[in-house]
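Hi everyone, thanks for making time this morning. I'd like to walk you through a two-chain model, so please have the viewer open and follow along.

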Amino acid sequence: MTTEATNGSDFIRLDDVGKVYYRGKEPIEVLKQLHLTMPEGAFEALMGPSGSGKSTLLNLIAGLDSPSSGSVRISGQELGRMTEAQRAHWRSQNVGFIFQTYNLLPVLTAAENVELPLLLTRLPSSERKERARVALRVVGLEDRADHRPDQLSGGQQQRVAIARAIVTDPKIIVADEPTGDLDRTSADQILELLVRLNRELKKTIVMVTHDPAAAERATIVRRLDKGALI
Amino acid sequence: MNLATVALKNTRRNLFRTALTVLGVAVAMLAFLLLRTVLSAWLVGVEYSAKDRLATRHKVTFIMTLPKRYVEDVRAIKGVESVTWFNWFGGRLPGKEDQFFGSMAIDPPSFFQVYDEVSLPEEHKQAFLQNRRGALVGAVLARQFGWKVGDRVTLEGTIFPGKWEFIIDGVYSAKRRSMDESSFYFHWDLLNQTVPVPQQEQVGWIASKVPNAGQAATVAKRIDALFEPRDIQTLSMSERAMNTSFLGMVSTLLDAIQIVSGVILLIMMLILGNTIAMGVRERTHEYGVLRAIGFLPRHLSLFVLGEATIIGLLGGALGVAIGIPLINGGVGRYLEENMTGFFPYFRVAQQDVVIALALSLVLASLAALVPAYQAGKLQVTDALRKLG
């Protein structure tokens, strides 16, 4: 694993990043020689039409995928040189995920869903529970701790998902269409929460969205088309 | 909460499907336990057989008879304490032909000497000894047909045709499990004097008692050696050996039972494997999410294996919980009462319970191996794309 010192402006740094998928033997170039830096504490939105490569870019930043060429460095760490297991460990400590469809485990309560990432740590059970409770308080759902996902509204489920994303105190939060399944009011509440996480807890947030209202909350909006930043 | 409780909670995701799978495993384990008990019961039958009694029969087959005079020859052999003889009668109750029971012609005085575990009131015993038309029936048989002392019973002969009328003089019970309580005995004299001349003075087999089990083999050799130069040779063996050889005769059946047990377990494994594989397919996206937040492939494999073993163990435990009272209290009791000769003790053995539970666990794990491997090798981005 390679770690290099960074200045604050290139907390997230992508150099010459390309990503090619194969449909059978046919190569499909999803990202083309992309250069990108994001400072620590940024709140950036990635916009673009479907197939523009924004989700692929998000996956690379989150360490879910590795580039076909170029390098992805987060806080000086070169993700491409990590093994699968090292990347998983890195993700568990550094990245919080928010998905469009919340993706909570239906058999677990809200508190248990939030506690889930902490099972990968050595924290004692009482400490895990306490952290999950605090995370739920941050998103305003402490009183719904014992509710299962099907007993919560869409907005509440997404807030539980946000609590799950912040419970390990990650540096980065990646959000893939976090308001895509929500009505306007709920969407605004979620966006407000993300803004608070960015401003008050200094989380670096990278959000993929189609929603201009959501993008407005970000400090920087980047647009992609055909695998390139425009 | 820990990883195991997550696996446990996952089993509640589709309760109906889980319940059906658990029930499927339980039924398979119940069938397995029943078949294992049949096998154990066969062997227990051998265990309970008397070790100090010998049976001497025609060397060629059970069906062929021996001359009655052989009885006195056996009695004279050194080491033989007492001797009696039997003829298989094969009687059936008219109108109840489907209800099988053993019926044999015996010599009552010597029978009571050799089979000292037979127990009945002295006055009934004396009545039977003196009544040529008398019959001695086992307590289980008497209960089955509602017979009591003094009743007249007519049997239809299958080997010796005609209607044979008897008066029940005694109902016996057995002091030891070496004898069943479901046989019908009557006087050999009656049979001998009724059958055509060529069939007279013939016996089915000779039973002799030796002072101790240690001498049984030597005495058996002496008996067979005595008749070796004669026209009709004999085959003698201890009652235990006879039962063992009978087991040998049905070894194919026992092998078949073993195979059926294996097939049942294989089917159980496939059902469980299919259920688990369905679960893995349905949760591909969810596994992608878990992988995204840092869970490793081995964690996902453990979730799958954990879920399978929980279902397997629940099913195994349920099968055992249903099986023990059903076999011990129902099927077992019936077989012990009605087929004591074959199944003197038809109960679930502790070791079979342990084997059933262990198999539930092992087979469930094996059934989940492929789905667990598939879950473990999922690519995060592919899995996330499945639904999103």
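Let's start in chain B, where T154(B) stands opposite E165(B) of strand β9(B). Before we go further, please keep in mind that this is a predicted model.

Within it, R92(B) has E156(B) as its bridge partner.

Now zoom out on chain B. It is divided into two domains: domain 1 takes in 3–46 plus 250–385, and domain 2 is 60–232. How far apart do the C-alpha centres of the two domains lie? The answer is 48 Å.

Over to chain A, and its four-stranded sheet. This is an open sheet with antiparallel pairing, in the order β2-β1-β4-β5. At the edges stand β2(A), residues 26–38, and β5(A), residues 77–78; each has a single partner strand, so one side of each has no neighbour in the sheet. β1(A), residues 12–23, is joined to β2(A) by nine bridges, again antiparallel. For a landmark there, look at V17(A), which stands opposite L34(A) of β2(A). Helix α1(A), residues 54–61, packs on this sheet and touches β1, β2 and β4 of chain A. The direction of α1(A) makes about 120° with that of β1(A).

Next comes the six-stranded sheet of chain A. Its order is β6-β7-β8-β3-β9-β10, an open sheet with mixed pairing. Which strands are at the edges? They are β6(A), residues 95–98, and β10(A), residues 228–229, and each pairs on one side only. β6(A) is joined to β7(A), residues 172–176, by four bridges, with the two strands running parallel.

α5(A) touches β6 and β7 of chain A, and its direction makes about 170° with that of β6(A). α6(A) touches β3, β7 and β8 of chain A, and its direction makes about 150° with that of β8(A).

Those two helices also pack against each other. α5(A), residues 154–166, and α6(A), residues 184–200, meet at an angle of about 15°, with their axes 9 Å apart. That angle makes the two helices roughly parallel. The crossing of α5(A) past α6(A) is right-handed. Among the residues making the contact are G154(A), G155(A) and I162(A) on α5(A), and S186(A), I190(A) and L193(A) on α6(A). By type, the contact divides into five nonpolar residues, five polar and one charged.

Last stop: where the chains meet. 22 residues of chain A are in contact with 18 residues of chain B. On the chain A side, α2(A), residues 84–94, and α3(A), residues 110–115, are the elements that give two or more residues. Which element gives the largest share? That would be α2(A), with five residues. The chain A side as a whole divides into 12 nonpolar residues, six polar and four charged.

That's the tour, and I'm happy to take questions.

Notes: Residues numbered from 1 in each chain as written. Chains lettered and ligands numbered in written order. Predicted model: local features only at pLDDT ≥ 70, side-chain atom pairs only at ≥ 80, totals over all residues. Contact = placed C-beta atoms within 7 Å. Nonpolar A, V, L, I, M, F, W, Y, C, P; charged D, E, K, R; others polar. Domains from an automatic or database assignment. Pairing = 2+ DSSP bridges. Axes fitted to C-alpha atoms, helices over the stretch in contact; angles between N-to-C directions. Parallel < 35°, antiparallel > 145°, perpendicular 65-115°, else oblique. Left-handed = near helix turned anticlockwise from the far one by under 90°.
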